[in-house]
Amino acid sequence: MSDFMDICLRRQTCREFADRPVEHEKLVQCVEAARNAPSGCNAQPWSFVVVESPDKVKQVGECVQQLGMNPYAMQAKAFVVILEEHATLMPALAALVDSQYFAKGDLGAAAAYFCLEAEAQSLGTCQFGVYDRTKLGKVLGIPEENQFGALIGIGYPAKPETRKKARKPLDQVARFI
C-alpha cells in the first residue's frame, strides 16, 4: 500500500478534539497543500481564511451550532474557510463556459488536499455543511457576495484510533470499461 493510500484510509471526520493548540506552521503547511491542489485551467478560484486566535475560533464554533448540530465544533482549535474566488479562464474556453464552471470541483480538491495534509501531520479535521453563513461572514469580515466553498474545523484528535470506514463496495461505485 502506498503512503498516500495509508493517509487516505486513516483520514476520518474528527468529532472529538483534544485540548491542545495547533501549531501555526502546521496550518500554513495545510494551506500550502490546498493551494497546490489541481484546478481547471489552473484558475485557482480560492482563497483561505485561517482562524487560529482563540476568541475568533470560539465565535466560528458558535456559527456552527445551527439546529442543535455540531456541538463538538466548540472543541476545534482552528478553522479554515475556503472561499470561492473569481476564476480566470483562457479566452477560448471562457467564450464557451461560465468562468466558474470548474470552481466547485476545484474547491473540493483544495478541501481534500487540506484535510489529507492535516492527517499527514496527525491533525484531525471535520468539514461542516450546516452553519450560519451570514453570521460567519460578519465574524470574519467576509463580504456577503463571497461564496463559501468549505468550512473545516481542525485540531488534534482526542481519540487518534482509526475507525473502520463504512464504504460501498468498489463494484457498486466503479465501472471499468
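How far is the sulfur of C63 from the closest cysteine sulfur? That gap is 15 Å, with C126 holding the closest partner, so the two sulfurs are too far apart for a bond. C126 doesn't pair up either, because its sulfur sits 7.6 Å from the closest cysteine sulfur, in C14, again too far for a bond. A disulfide here is a pair of cysteine sulfur atoms within 2.5 Å, and the count by this rule comes to 0. Both cysteines are tucked away from the surface: C63 counts as buried at 1% relative accessibility, and C126 counts as buried at 3%. (Buried means under 20% relative accessible area, exposed over 50%, and partly exposed in between, using a 1.4 Å probe and protein chains only.)

A word on what we're looking at: this is a predicted model, where local features need pLDDT of at least 70, side-chain atom pairs count only at pLDDT 80 or more, and totals for chains, interfaces and linings use all residues. Residues are numbered from 1 along each chain as its sequence is written, and side-chain values use heavy atoms, leaving out hydrogens and water. The pLDDT score is the predictor's confidence in each residue, from 0 to 100. Its mean over the chain is 91, with 93% of residues reaching 70 or more. Confidence is lowest in helix α4 (residues 91-94), at a mean of 58, and highest in α2, at 98. Helices (H or I, at least four residues) and strands (E, at least two) are DSSP runs, numbered from the N terminus.

Helix α2 (residues 24-35) meets helix α5 (residues 103-120), their axes coming within 7 Å and crossing at roughly 145°. Those axes are lines fitted to C-alpha atoms, for helices over the stretch in contact, with angles running from 0 to 180 degrees between N-to-C directions. On the α2 side, the contact (heavy atoms within 4.5 Å) is made by Q29, C30, V31, A33 and A34, while α5 brings A110, Y113, F114, E117 and A118.

Q29 belongs to helix α2 and is partly exposed, with a relative accessible area of 40%. Setting aside residues up to four places away in sequence, Q29 touches E117 and Q121. Its C-alpha atom is 21 Å from that of A158, which lies 129 residues away along the chain.

Over in the loop between α6 (133-140) and β4 (147-155) we find N146. N146 counts as buried because its relative accessibility is 17%. With residues up to four places away in sequence left out, N146 touches L83, E84 and E85.
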